[in-house]
Amino acid sequence: IVARLKSSGLFQTKGFIGGKWIDAYDGKTIEVNNPATGEVIASVACMGEKETQDAISSAYDAFGHWSKLTAVDRSSRLRKWYNLLIEHKEELGQLITLEQGKPLKEAIGEVLYGAGFIEFYAEEAKRIYGDIIPSPLPDRRLFVLKQPVGVVGAITPWNFPFALITRKVGPALACGCTVVVKPSELTPFTALAVAELALRSGIPPGVLNVVMGDAPKIGNYLLESRQVRKITFTGSIAVGKKLMASAAETVKKVSLELGGNAPFIIFDDADLEVALKASVASKFRNSGQTCVCTNRLLVQEGIYDKFITAFSNAVQNLKVGNGFSEGVSQGPLINEAAVQKVESLVQDAISKGAKVVVGGKRHDLGLTFYEPTVISDAKNEMLIARQEIFGPVAPVIRFKTEEEAIQIANDTDSGLAAYLFTNNIQRSWRVSEALEYGMVGVNEGIYSSEGAPFGGVKQSGLGREGSKYGLDEYLEIKCICMGNM
Ligand code: ADP
């Protein structure tokens with residue numbers, strides 16, 4: 001695969017600064033592993049402050065030109081980029097599976113989903129309207145102009161190596177911003193291929209830059225720089241808090257997509273088949289490694305036993321293996337630390353009275369494979385219901401009343417996605433309103449699309465990505481008052 005991708009120019013191992021492929025200035029590299037085999041895929045440039053500084057300068061210089069192009073011009077370049085991403089969906093999908101581990105079908109799905117943001121914002125670029133406001137005084141006129149914030153630093157994680165970049169870069173470029181992306185060191189190849197295709201689509205040098213290596217150093221430099229006006233981050237709550245604190249020094253705009261602790265609530269009056277299908281999809285997508293994955297299932301007592309039986313049967317049939325193998329729906333976890341976290345959460349739950357119904361241990365395949373797991377008699381006090389599991393483990397909690405379900409669901413510092421299953425219209429509205437979450441799926445377990453605002457409340461983050469609202473994160477509002485008319 002690597003040889004084939006190399007010959008097509010999509011396999012890059014250097015950083016991308018000012019439209020050029022650049023080695024780390026001190027020649028340092030880091031190895032990137034395939035989590036499904038434990039083998040080294042290749043080494044990539046390991047960059048730090050100096051390279052970041054140059055990437056910021058490139059982005060700053062390019063901003064002058066890019067922000068002054070007409071929206072129609074920016075739009076057509078983004079559209080070309082979108083077309084190239086779609087044209088190369090197979091190769092991009094292979095890169096994702098190679099470095100991240102998710103099944104190829106899911107990886108190609110990520111490319112389609114992620115490319116959707118480039119297409120959507122190519123269109124929205126042309127619809128960034130201002131306002132004219134009625135003036136309180138007869139000789140004045142008030143206008144509102146929307147302008148790009150400037151250079152953006154985008155720090156992204158490994159679980160969606162493609163889509164979490166396009167979800168940030170799409171709206172940023174549409175608004176006229178330029179970007180320095182720092183992808184996860186665990187999954188840099190997808191990001192570099194995305195940059196290569198940007199270059200081919202006529203996105204000018206410096207508009208998009210990619211640096212990777214020493215994450216804290218690169219992060220610090222992006223935050224300290226007065227030329228960077230905005231930080232957008234997807235990742236852990238702990239790192240997000242640090243970035244937000246550091247951004248205060250230069251009062252940067254900040255968008256954060258942090259962890260979730262999604263409740264999946266099934267009421268007695270739900271359609272069991274619908275809930276069952278959705279719960280498996282929502283929990284086990286990407287082996288549980290998405291921030292909107294179900295973290296806790298809350299099932300009402302009337303259908304609790306029936307659900308556990310049906311759910312366990314479905315989970316037992318999930319095929320674990322290398323994401324390139326036919327029929328596999330569960331790839332490996334990203335690394336050993338991820339497996340150890342899952343193990344310790346499962347142990348804590350068992351020690352506090354929960355029962356393993358299916359799975360509950362490392363998979364026979366070894367490495368970082370973990371058995372798809374169902375845990376019954378879970379309680380919201382257990383660590384497994386309080387922390388983000390980020391693995392293929394489904395703790396199921398029993399509840400009695402609607403009020404109790406809402407109370408359990410909201411008893412967390414997170415507030416990203418929540419799901420509820422009921423056939424009662426009034427209840428679906430009531431519970432949706434009561435849930436302290438940024439996104440609610442009603443009889444639906446997969447929420448995301450480029451047209452829908454994605455984001456959380458409480459400690460799950462700030463700002464929204466996708467949709468028309470996603471543009472606001474990259475725009476400043478300027479009010480112009482014309483006097484003495
Ligand atoms: P995850 O659990 O998804 O790996 P992290 O928050 O650790 O979440 O990582 C998300 C992104 O943040 C990655 O690109 C990682 O390299 C980066 N990162 C981690 N620590 C820091 C830091 N101190 N400063 C800036 N970026 C960081």
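Biologist: What is the bridge partner of alanine 378 in S16?

Modeller: In S16, alanine 378 has isoleucine 397 as its bridge partner. This is a predicted model, in which local features need pLDDT of at least 70, side-chain atom pairs count only at pLDDT 80 or more, and totals for chains, interfaces and linings use all residues. Residues are numbered from 1 along each chain as its sequence is written.

Biologist: Why are S15 and strand S16 said to pair?

Modeller: Two strands pair if DSSP finds at least two bridges between them. Four bridges join S15 to strand S16 (residues 393-399), so the two strands pair, and they run parallel. Strands here are DSSP runs of E with at least two residues, helices are runs of H or I with at least four residues, and both are numbered from the N terminus.

Biologist: Which strand pairs with S15 in the antiparallel sense?

Modeller: Strand S14 (residues 355-358) does so, over three bridges. Within this pairing, valine 358 has valine 374 of S15 as its bridge partner.

Biologist: What makes strand S15 mostly covered?

Modeller: Five of the six residues of strand S15 (residues 373-378) are buried. A residue is buried if 20 or more other C-beta atoms lie within 10 Å of its own, exposed if 12 or fewer, and partly exposed in between, with C-beta atoms placed from the backbone.

Biologist: Why is glutamate 257 called buried?

Modeller: Glutamate 257 has 28 other C-beta atoms within 10 Å. The definition asks for 20 or more, therefore glutamate 257 is buried. This residue is found in strand S11 (residues 253-257), and UniProt lists Glu257 as "active site" in an unreviewed entry. UniProt positions follow the numbering used here, feature names are shortened, and annotations may be inferred rather than shown by experiment.

Biologist: Which residues is glutamate 257 in contact with, leaving aside its neighbours within four places in sequence?

Modeller: They are Thr234, Cys291, Gly455, Gly461 and Glu465. Contact requires that the C-beta atoms of two residues, placed from the backbone, lie within 7 Å.

Biologist: How do you know that S3 and S4 pair, and what lies between them?

Modeller: Strand S3 (residues 29-33) and strand S4 (residues 40-45) share five bridges in the antiparallel sense. The requirement is at least two, so they pair. The bridge partner of valine 32 in S4 is alanine 42. S3 and S4 form a hairpin with six residues between them, and glycine 38 in the turn has a positive phi of about 80°.
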